[in-house]
Amino acid sequence: MEREQLEQLLGGGDDTSSAALAAVRAGASYVVWDGTTSPKSLATVYGRRLRHTLRRGIETSGLARAVQRLDLYGRPVRLGQIRTADGSWIFMLFLDEDSSTLVACTGVRQTQPGPPRPDAC
């Protein structure tokens, strides 16, 4: 997928896709994988991730909305990923089969490993 096409898909205006668009324009790396998968299975997987991030206090953007949209979407989706240039955020993209429409977008802040604890073995 060309960068310009990705920018057009992310122009939907919600906060998460706007943040992903800003990342792309700032030089983020991205990939859209071949093949499709069931949106219902992805809704299940990302529903678990939502519960996990809530329990752990991990910052996300648009995750609950993405789970909801995937659960309601009735056709296969393609996956894409955007990694910010500094690696602080990863955005997952859920596209329709021909990558012409953004079904959902979610982001998760990446935690940087801290220094080893003195009491760690």
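Predicted model: local features only at pLDDT ≥ 70, side-chain atom pairs only at ≥ 80, totals over all residues.
Let's start with strand 3, residues 78-83. In a regular strand the side chains alternate between the two faces of the sheet.

With strand 1 (residues 29-32) it pairs in the antiparallel sense, over four bridges, and Gly80 is the bridge partner of Val32. Strand 4 (residues 89-95) also runs antiparallel to strand 3, joined to it by six bridges; there, Arg78 stands opposite Leu95. Five residues sit between strand 3 and strand 4 in their hairpin, where Gly87 takes a positive phi near 75 degrees.

Now for the charged pairs: the whole structure holds six salt bridges. One of them joins Asp14 to Arg65, with the closest N and O atoms 3.3 Å apart. Asp14 belongs to the loop between helix 1 and helix 2, and Arg65 to helix 4, so this pair links parts of the chain 51 residues apart. Asp14 is partly exposed at 27% relative accessible area, and Arg65 is partly exposed at 41%.

Lys40 is in helix 3, 31 residues away in the chain.

Finally, Glu97 and Arg75 form a salt bridge. Glu97 lies in the loop between strand 4 and strand 5 and Arg75 in the loop between helix 4 and strand 3, so the pair ties together parts 22 residues apart in sequence.

Key. Residues numbered from 1 in each chain as written. Heavy atoms only, no water. Buried < 20%, exposed > 50% of the residue type's maximum accessible area, 1.4 Å probe, protein only. Helix = DSSP H or I, 4+ residues; strand = E, 2+ residues; numbered from the N terminus. Pairing = 2+ DSSP bridges. Salt bridge = Lys/Arg side-chain N within 4 Å of Asp/Glu carboxyl O.
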